[in-house]
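Dear colleague,

I am handing over the structure that we spoke of, and my notes on the contact between its chains and on its aromatic rings follow below.

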There are 2 protein chains.
Amino acid sequence: MCELLGMSANVPTDICFSLGGLIQRGGHTGPHKDGWGITFYEGRGCRTFKDHQPGYNSPVARFVQEYPIKSRVVVSHIRQANRGNVALENTHPFIREMWGRNWTYAHNGQLRGYRQLETGQYRPVGQTDSEHAFCWILQRLSQKYPRTPSNWPKVFRFIASLADELSKKGVFNMLLSDGRFVMAYCSTNLYWITRRAPFGKAKLLDQDIEIDFQQHTQPDDVVSVIVTQPLTGNEAWNRIEPGRYALFHLGERIL
Amino acid sequence: MCELLGMSANVPTDICFSLGGLIQRGGHTGPHKDGWGITFYEGRGCRTFKDHQPGYNSPVARFVQEYPIKSRVVVSHIRQANRGNVALENTHPFIREMWGRNWTYAHNGQLRGYRQLETGQYRPVGQTDSEHAFCWILQRLSQKYPRTPSNWPKVFRFIASLADELSKKGVFNMLLSDGRFVMAYCSTNLYWITRRAPFGKAKLLDQDIEIDFQQHTQPDDVVSVIVTQPLTGNEAWNRIEPGRYALFHLGERIL
């Protein structure tokens with residue numbers, strides 16, 4: 001299995017605090033030592049840092065934590081390999097273009113019988129069930145919406161119906177973003193929190209680090225964080241019910 | 001205009017020396033200050049580091065130079081913006097999946113009338129003529145080869161014919177790779193060199209740095225480097241004639 005971390009914010013925000021907690025689980029406080037990756041959106045563009053080395057001693061991870069990239073949307077993943085060997089092509093997040101936007105996807109779980117899923121023109125590069133499922137989602141989306149859709153909540157409802165199908169094949173917790181929306185589909189475990197004024201303090205569970213968000217924020221900032229397991233012990237995380245999804249936009253949960 | 005740097009090698013090789021020279025042109029010894037990027041292939045996977053800050057003082061560039069990633073194929077680009085503003089989505093290289101492989105593309109030059117080029121399902125994310133032309137190449141390739149081709153020299157000959165068409169619209173120097181082959185198409189300026197035993201010394205033109213390749217190589221290593229302008233002053237670079245291309249595989253020029 002793996003762990004997921006997503007962020008949606010209304011202002012460019014750095015994710016160093018949350019990432020610091022997640023990365024510890026990449027071989028230190030957790031067994032997810034088979035690579036890690038993170039995608040930051042900046043406008044329509046995005047950049048991904050990944051490594052097939054364990055997160056907790058990856059030079060790339062150290063760099064990303066020391067160089068705070070500010071972003072409104074972040075998707076991150078640490079991997080414990082099940083399907084597909086430890087290699088860069090099997091490291092999440094996966095990014096593909098659809099309707100002129102970069103779509104970023106990360107998966108936690110394991111699927112059976114995924115090879116039967118038709119992916120059409122969206123061919124997997126690596127060997128994971130995760131990327132295969134992503135290609136299938138894109139193929140289904142391109143069939144349903146050959147032209148760029150405009151009713152985005154409807155598009156995400158359709159994606160949720162695809163995720164329902166996938167979760168029948170095993171465990172399918174997913175983060176998906178086009179750089180504006182962040183969708184979190186829960187098959188077993190997914191939690192979220194929205195931080196806004198008055199900001200308080202938070203303490204990581206995986207590292208002896210505490211932050212006072214008050215000192216790092218403006219009064220209007222709204223930031224949501226989504227994870228497979230809560231990162232802090234002194235805050236109230238909301239659980240997404242299995243089989244349900246949450247959609248975030250500019251920091252707020254909108255669906 | 002911009003500058004291009006490509007590498008093809010028969011063993012995983014670091015590109016720090018050449019990159020050190022190129023990066024200086026990113027706002028220091030050259031005017032290419034509008035972002036830079038580099039893609040390293042490792043197996044079927046690849047990772048890209050990019051920044052819309054000038055290369056010569058980009059923290060990401062510093063990190064990449066200090067953390068020598070060893071790769072058989074590298075494609076890099078430093079940008080001087082003409083079409084499309086300075087933004088991450090307009091920063092080369094561009095990567096798209098085709099036939100289950102990551103294709104990496106970087107362009108030097110400027111095209112007129114590129115908006116008429118049909119890109120079909122391969123939609124540009126940014127606003128550059130370069131990405132638009134890449135999407136058009138992919139669309140033409142997917143039409144000609146709906147299934148994965150097997151005669152690769154023929155595929156690259158076809159790509160060269162597409163590049164011929166593009167270069168009628170302006171300047172079109174291009175590097176393109178699927179992680180195995182590196183293609184260099186020359187419209188105005190492109191130079192290459194193959195380094196092999198007996199290895200000698202090389203001195204950068206853009207920085208007071210000399211390297212003795214003998215100390216960093218094994219006798220069987222073969223490494224080709226392709227650039228828009230030679231990086232060293234004491235080696236004999238080969239020029240690709242305008243309208244011609246070169247194809248490299250495992251360090252050797254094969255076409």
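How many residues does the contact take from chain A and from chain B? The contact, meaning heavy atoms within 4.5 Å, takes 33 residues from chain A and 33 residues from chain B. Please bear in mind that this is a predicted model, in which local features need pLDDT of at least 70 and side-chain atom pairs count only at pLDDT 80 or more, while totals for chains, interfaces and linings use all residues. Residues are numbered from 1 along each chain as its sequence is written, chains are lettered from A and ligands numbered from 1 in the order in which they are written, and side-chain values use heavy atoms, with hydrogens and water left out.

About 2,600 Å² is buried between chain A and chain B, with 52% of it from carbon and sulfur atoms; this is the accessible area (1.4 Å probe) that the two parts lose on being put together, summed over both. Of the area that chain A buries against chain B, Gln121(A), Arg123(A) and Val125(A) supply 23%, more than any other three residues.

The interface also holds 4 salt bridges (a side-chain nitrogen of Lys or Arg within 4 Å of a carboxyl oxygen of Asp or Glu), and one of these links Arg47(B) to Asp51(A) at 3.4 Å, N to O.

As for the rings, Phe40, Phe49, Phe63 and Tyr67 of chain A and Phe40, Phe49, Phe63 and Tyr67 of chain B form one aromatic cluster, where rings of Phe, Tyr and Trp (its six-membered ring) pair if their centres lie within 6.5 Å.

How values were computed:
Rings of Phe, Tyr and Trp (its six-membered ring) pair if their centres lie within 6.5 Å; planes under 30 degrees apart count as stacked, over 60 as edge-to-face and the rest as tilted.
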